[in-house]
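This report describes a single protein chain, from its overall architecture to selected local features. The sequence and the structure are shown first.

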Amino acid sequence: MRKMNSILAMITILGVLWSTHLFAAGVDLTAIGARAQALGGNYRGVSDDWSAMYWNPAGLVFTSGLKAGFGLEFASPSATYTAGKSQLGGPFSATKFGKAVENEPLNFVLPSLGVYYSNEKYAFGIGAWAPFGLGAKWNLLDTDAYNSNYPEFEWEDNMQVIDIHPTFSYKINE
């Protein structure tokens, strides 16, 4: 038993230390529902409006009637990158060594909407939202000195997720 406790303690310690790397550069966009946003995303336990389709569909059965909702979130992510010495050579040797470079942020509109019906025993509905949207343009190479025709931005990313799904909840007991 003592050996098992030691193993469990070691696994717990490793899990805590390792998980810190899992959250690096994490993004939490919580604008699906005004109440959920006001609670900072801590809405799963008390969800009982249209946004419960995202947070916790079981909460839909604690309302009655036909309900709908809509929300918008605006995101314009920005970041700074300091380039290190490039080992690639060629045009990549013109990287802006040690200089902080800011991205040109892209603007995102992240909509959320849903409609459902509940009779306090079961609930069904459909929701659609964009829980994630990020992107930026980066000008990391210093090519102006030898090629003025080179594009201003060498790297561009644009990541978006749109989630559409039906929801069904059934209350088993009180």
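The sections below treat the fold, the surface and one backbone feature in turn.

## Overall architecture

The model is predicted. Its chain contains three helices and seven strands. Read from the N terminus, the order of these elements is α-α-α-β-β-β-β-β-β-β.

Contacts between residues at least 6 apart in sequence were also classified by separation: 64% of them join residues at least 24 apart.

## Burial and accessible surface

The chain has 174 residues, and buried residues account for 32% of them. The accessible surface of the chain amounts to about 11600 Å². Carbon and sulfur atoms contribute 59% of that surface.

## A patch of negative charge

A patch of negative charge lies on the surface, where E104, E152, E156 and D157 gather. One of these residues, E152, is placed in the loop between β6 (122-138) and β7 (155-170).

Is E152 buried or exposed? The relative accessible area of E152 is 53%, and the residue is therefore classed as exposed, since the exposed class begins over 50%.

E120 is not a glycine, yet its phi is positive, at about 70°. The residue belongs to the loop between β5 (108-119) and β6.

The relative accessibility of E120 is 42%, so this residue counts as partly exposed.

Note on methods
Residues are numbered from 1 along each chain as its sequence is written. This is a predicted model: local features need pLDDT of at least 70, side-chain atom pairs count only at pLDDT 80 or more; totals for chains, interfaces and linings use all residues. Side-chain values use heavy atoms; hydrogens and water are left out. Patches are made of residues with over 30% relative accessible area and no salt bridge: like charges are joined within 9 Å, nonpolar side chains (Val, Leu, Ile, Met, Phe, Trp, Tyr) within 5 Å. Accessible areas come from the Shrake-Rupley method with a 1.4 Å probe; for residues, only the protein chains shown count as cover. A salt bridge is a side-chain nitrogen of Lys or Arg within 4 Å of a carboxyl oxygen of Asp or Glu. Lys and Arg count as positive and Asp and Glu as negative; His and the chain ends are not counted. The place of a charge is taken as NZ of Lys, CZ of Arg, CG of Asp or CD of Glu. Helices (H or I, at least four residues) and strands (E, at least two) are DSSP runs, numbered from the N terminus. Buried means under 20% relative accessible area, exposed over 50%, partly exposed in between (1.4 Å probe, protein chains only). Contact means heavy atoms within 4.5 Å.
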